[in-house]
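Please read them alongside the sequence and the model.

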Amino acid sequence: MEKLMSVVENPKEFIKFDRFDGTNFTRWRDKMIFLLSALNIYYVLDSALPAMPEPTSEDSDAVKEERKKREHDELLCRGHILNTLTDRLYDLYCNLKSPREIWTALQTAYQNEKRGIDKFLAMQYFEFKIFDTRPIMDQIHELQILVSKLSDLEVKIPDALQIGAILSKLPSSWNDYRKKILHSMDKMTVEQFRTHIQIESETRARDAINQPSSSAVNFVSQNGSGSGNKKSKSFQKVFF
């Protein structure tokens, strides 16, 4: 209960923000909406919110109090938005006095720009290749990071397509494994497939350690045949 109250009283301590640099707008926006909502100041960004009338000598105490609260909330909202921007973006938007102006400007700039980012990340995803020279799971993790970035941009890739993409990117040494999975009738989630391929990868690594190299086999074979010849020759000399 105490922890819940702490979240309500000071939510920023419990929300991890990546400073917005222009490439993670969707994730940053969602976290910012949660923070401002928890602070009860998100309402000042509502485009339908009526403007406060100019102060007059006839204003009631209630109107004065409402104006004071609105000004305080707008100041707080503006500060939270600007403080989570990188220095470059802060310098670009700090001249805007209204938090709604800053919010609208960011949405206009980066929701439209994300279309180009979508294409760039999609190209990276489709051109990604997995090699034998590096740990397989590390490379699959890198591929999943691209999936996560695309998801942040509201580009969803179904599990079946992700699994098919990973299988198609595996090196030729994994052909037997690829065929086994493709002919399997079992449906798997991405997480289940990651576990499956991790077990396969670890099994292959153990087999590679336990299996003697071809050079060692040849060395033993040559030594064995050589010693056998010597024994037969010496036996022939003694016998005759």
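Glu200 has a relative accessible area of 19%, and because buried means under 20%, Glu200 is classed as buried. In this predicted model, the side chain of Glu200 forms a salt bridge with that of Arg204, at a distance of 3.0 Å from N to O. Arg204 has a relative accessibility of 27% and therefore counts as partly exposed.

A second pair consists of Arg29 and Asp30, whose side chains meet in a salt bridge at 3.3 Å, N to O. Asp30, with a relative accessible area of 42%, is partly exposed.

Which class applies to Glu142 and Arg134, buried or partly exposed? Glu142 has a relative accessibility of 31%, which places it in the partly exposed class. Arg134 is likewise partly exposed, its relative accessible area being 36%. The side chains of Glu142 and Arg134 form a salt bridge with an N to O distance of 2.6 Å.

The pairs described above are among the six salt bridges counted in the model.

Methods. Residues are numbered from 1 along each chain as its sequence is written. This is a predicted model: local features need pLDDT of at least 70, side-chain atom pairs count only at pLDDT 80 or more; totals for chains, interfaces and linings use all residues. Side-chain values use heavy atoms; hydrogens and water are left out. A salt bridge is a side-chain nitrogen of Lys or Arg within 4 Å of a carboxyl oxygen of Asp or Glu. Buried means under 20% relative accessible area, exposed over 50%, partly exposed in between (1.4 Å probe, protein chains only).
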